Amino acid sequence: MENTGLVVHGQAAPFSTALRSLVNNPQYSDVCFVVGQERQEVFAHRCLLACRCNFFQRLLGPGVPSPVVLSTVPAEAFLAVLEFLYTNRVKLHRYSVLEVLTAAVEYGLEELQELCLEFVVKVLDVGLVCEALQVAVTFGLGPLQERCIAFIEAHSQEALRTRGFLELSATALLPVLRSDKLSVDEAELVQAARTWARVGAVEQIVEAWKCHTLQRRDATRSAPCRRRRGTLPRDHHRFLDLHFK
């Protein structure tokens, strides 16, 4: 008679706590990372990282010396990634979640990426939305980009005054300017675009503003321009054949 077995499970919490104690613990570690601009040392274990993440499996192949320099990822974000790899859980914070999300995308950690996206949506506010939009555009995160644009449309005046708006790349700025649902008057939007241009993108302002002011329903002359939601009617609009419904 064939012997049958039964898979039984011990308590998950003590196991997770034990593994958590190994994060950045030099005892028994066999690899050291130097991360961030501060060049902080972070200790880890090759076998665990390699079996959990293809990026680290390739990075920590035979003959790779220690320390391994990862200068573009902040130390706090990297430690959050390690916590997830060791314990399959992570504590996220509003002020650092976008850096963790960026690392998750770059390292191919899809589950951590989804956890970060869910958290960003929950904590999205005026101070975070433009930075989140930039990350979404940079990494092609379509649903997050749509959520950020919708938030900016609903809170246009506040969002356009943030430092995050001024730091948007031209690629990230264009979908904002193309929106006809911005709840802000045209004059304020012009001023915001000018300020953005002065801060870091002078060469892009003409193209960006053309996309905004000359948006039409189609390429024919007979199709009128549409006044964007927040724009107040003005006398000179009659020269643009604006549709005021």
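Hi everyone, let's start with the largest pocket: helix α7 gives the largest share of its lining, eight residues. This is a predicted model, where local features need pLDDT of at least 70 and side-chain atom pairs count only at pLDDT 80 or more, while totals for chains, interfaces and linings use all residues. Residues are numbered from 1 along each chain as its sequence is written, and side-chain values use heavy atoms, with hydrogens and water left out.

A pocket here is an open set of points on a 1 Å grid over the protein atoms alone, where a 1.4 Å probe fits, with protein on both sides within 12 Å along at least five of seven lines; lining residues have an atom within 4 Å of a point. The volume is about 420 Å³, taken as the space filled by probe spheres set on the points, which are joined across faces, edges and corners. Among the 23 lining residues, L98, E99, T102, E131 and V135 are the closest to the centre. Two elements, α5 (97-106) and α7 (126-139), each give two or more residues; helices are DSSP runs of H or I, at least four residues, numbered from the N terminus.

Now, the core. Which residues touch the most other members of the largest nonpolar core? They are F33, F56, F78 and Y107, out of 68 residues. Such a core joins buried (under 20% relative accessible area, 1.4 Å probe, protein chains only) Ala, Val, Leu, Ile, Met, Phe, Trp, Tyr and Cys residues through side-chain atoms within 4.5 Å.

Lastly, Q37: its C-alpha is 7.2 Å from that of P74, though they sit 37 residues apart in sequence. Thanks, all!

Terms used:
Buried < 20%, exposed > 50% of the residue type's maximum accessible area, 1.4 Å probe, protein only.
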